[in-house]
Number of protein chains: 2
Amino acid sequence: MRLASLKQGRDGQLVVVSKDRKSMALAAEIAPTLQAALDDWDAVAPRLQALSDDLDAGRVDAKPFDETACASPLPRAYQWADGSAYVNHVELVRKARGAEVPASFWEDPLMYQGGSDSFLAPYEPIQMADDAWGIDFEAEIAIITGDVPMGVSVEDAGRYIRLVVLVNDVSLRNLIPGELAKGFGFFQSKPSSAFSPLALTLDELNAHWRDNKMHLPLLSFLNDAPFGKPNAGQDMTFDFAQLVAHAAKSRPLAAGTIIGSGTVSNKLDGGPGKPIAEGGAGYSCIAEIRMIEKIQSGAMKTPFMTFGDRIRIEMRDDDGQSLFGTINQSVVKYGNA
Amino acid sequence: MRLASLKQGRDGQLVVVSKDRKSMALAAEIAPTLQAALDDWDAVAPRLQALSDDLDAGRVDAKPFDETACASPLPRAYQWADGSAYVNHVELVRKARGAEVPASFWEDPLMYQGGSDSFLAPYEPIQMADDAWGIDFEAEIAIITGDVPMGVSVEDAGRYIRLVVLVNDVSLRNLIPGELAKGFGFFQSKPSSAFSPLALTLDELNAHWRDNKMHLPLLSFLNDAPFGKPNAGQDMTFDFAQLVAHAAKSRPLAAGTIIGSGTVSNKLDGGPGKPIAEGGAGYSCIAEIRMIEKIQSGAMKTPFMTFGDRIRIEMRDDDGQSLFGTINQSVVKYGNA
């Protein structure tokens, strides 16, 4: 199934989208919002699936689907926990400042608690008061869970995954060092994230979803130029089952919990990757290319985003179909949107 | 007004409680849940106030109020951001390990993003798999906001405060050092928090609420023995308006955001406080007395909580009225509740 939330009120209006992403059917009679569907998934999902089948068979009154009318699938959520499962990304950031990656980072996932009360819509501008804060995108995969019991095992955790989405985990790089130095993790340096228009059930992903990972390139375009296409199935040190189990060690996770992969990042021949222009898979954030520039030349050259810049993030199927729709955001000065 | 949420479904059932805390009126016809009330506060609050007035005047069908039937006022929330506004607490923790408090800690609030998807009810046991994790309570004040615009000034922030509650910010002390060393802040070391049965509007607090602080002793009882009674209005380096403005620097805060004060902690004659048994104001967490024991004798003596231990937290008015009701939790082994 392909689910989306049209902008409406605080929680959106749940719709089921056709396989060709061209039409949709309102799901209001089954569940008014995606959160309501997740709250009662076992009863609701079969009815949404039936509506989806009817839509694809032309048996319901379909309306045109316009992904620019979408909010994030969960416009606000009860939990957004973001992992950093591509340790290559962490290693690069550390290497650039001459620090080693502790051995534990390969065994115990990094994860931070993000703000989940005010997500941006996929086509909504990133409003920021000051571009001196170092505005960066982070292209990621995320999953949305059902109710997960406390202490769930890695073996069991995968079956609580209900939906897959893409994320732009907007980051304010120049606020991060000061904030992390205080020891309490990110807060102001992680403003509102945006999610892809579509949330997909695992069966939609066919063989691209296996081993609790998403095995396709994640495409980022900065100001319309290809910037990253790393394969999300490669170099993911911790899979989503491990991330769910990590999050649930000392508390249950409520239905609608969103867990992110962290910035998708591929190695190249065991070392750091290359830009797309040089034949590499590129990067899923600006910070990473800056680290490589620093390692290679001593100076960071690529600037962070400034007002007027645009980031597009999507993932394409073998036949070119945009699986989740596009996250498409410009950066604008706060108050000028 | 005094609002509470009876346990029902995922979000509770909103009730208005009488001034003597003995009776209540269902608010279902006005707003089914506290979150729904906060989502539309300007329209809903006057109607809840009218119901409250009718209840106190004996003009409505009242039912007996039983705080043990309550969920936390927001059984799940879209945001729980916890400050550490009593820098005395931070100073003690640092002093015990021989570290100074950076000067910036007195100017820029510490705040972490907490999990908000699965709060405990005020009388619900703290279930934990292993008491070797160092189970501790933290008695705090918290406020619940309306919609706060990004970049709100400290001067304006206070007027977005809708309600005041008490919190037990359960902490797993022995998981904290490893987690903070990874640099991403708390996650597993901060399991589900519990909130007081009652959430109060500011007008209920009379002169005890001023300067965006709560000016009354916060009472903690560990296994029924008085453990802490520090005054929440003293030694609060950052008031709630400052905490709200800090949280909203780079993103808006959605209605129903909960912002905590951090562990309430008083100095005594400019130095660390004394236990209640020695004539002091005591402590709002076990970690703090352990720090003082370490500073004074070289060894921490008071153990963290173990299975069977109980913590009670409340705040009393001048005439002995328990303002917010009681947080009353035992620690039990996970699965044995």
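What is the relative accessible area of Glu91(B), and is this residue buried, partly exposed or exposed?

Modeller: The model is predicted: local features require pLDDT of at least 70 and side-chain atom pairs pLDDT 80 or more, while totals for chains, interfaces and linings use all residues. Residues are numbered from 1 along each chain as its sequence is written, chains are lettered from A and ligands numbered from 1 in the order in which they are written, and side-chain values use heavy atoms, without hydrogens or water.

Glu91(B) has a relative accessible area of 22% and is partly exposed, a class that lies between buried (under 20%) and exposed (over 50%), computed with a 1.4 Å probe on protein chains only. The residue forms a salt bridge with Lys267(B), with 3.0 Å between the closest N and O atoms. Glu91(B) belongs to helix α3 (residues 87–96) of chain B and Lys267(B) to the loop between β19 (258–260) and α7 (286–297) of that chain, so the pair ties together parts 176 residues apart in sequence. Lys267(B) is also partly exposed, at 30%. Elsewhere, salt bridges with shared partners link Arg10(A), Asp11(A), Arg76(A), Asp39(B) and Asp147(B) into one network. The term salt bridge denotes a side-chain nitrogen of Lys or Arg within 4 Å of a carboxyl oxygen of Asp or Glu; helices (H or I, at least four residues) and strands (E, at least two) are DSSP runs numbered from the N terminus.

Over all chains, the whole structure contains 34 salt bridges. Side chains of opposite charge can pair when their charged atoms come close. One of these bridges joins Arg2(B) to Asp56(B) at 2.8 Å, N to O. Because Arg2(B) lies in strand β1 (residues 2–6) of chain B and Asp56(B) in helix α2 (residues 41–56) of chain B, this pair ties together parts that are 54 residues apart in sequence. Arg2(B) is buried, with a relative accessible area of 1%, whereas Asp56(B) is partly exposed, at 38%. In chain A, the side chains of Arg316(A) and Glu314(A) meet in a salt bridge of 3.1 Å, N to O. There Arg316(A) is partly exposed, at 36%, and Glu314(A) is buried, at 4%.

In chain A, helix α7 (residues 286–297) has twelve residues and reaches 16 Å from first to last C-alpha, close to the expected 16 Å, which is 1.5 Å times one less than the number of residues. Its buried residues include Ile286(A), Ile289(A), Met291(A) and Ile292(A). Among the elements that cover the buried residues of α7(A) are α3 (87–96) and β9 (135–136) of chain A. The helix is followed by Gly298(A), which has a positive phi near 85°.

Chain B also holds an open five-stranded sheet with mixed pairing, in the order β8-β21-β20-β17-β18. Its edge strands, β8 (126–128) and β18 (225–228) of chain B, each pair on one side only, where pairing requires at least two DSSP bridges between two strands. Strand β8(B) runs parallel to β21 (residues 327–333) of chain B and is joined to it by three bridges; Gln127(B) stands opposite Val332(B) in β21(B).

Finally, chain B superposes on chain A by a rotation of 180° with 0.0 Å of shift along the axis (RMSD 0.0 Å), by least squares on C-alpha atoms of residues with pLDDT of at least 70 in both copies. The two copies are therefore related as by a two-fold rotation axis. Among the residues of chain B, Gly185(B) comes closest to this axis, at 2.0 Å (C-alpha).

Conventions: Contact = heavy atoms within 4.5 Å.
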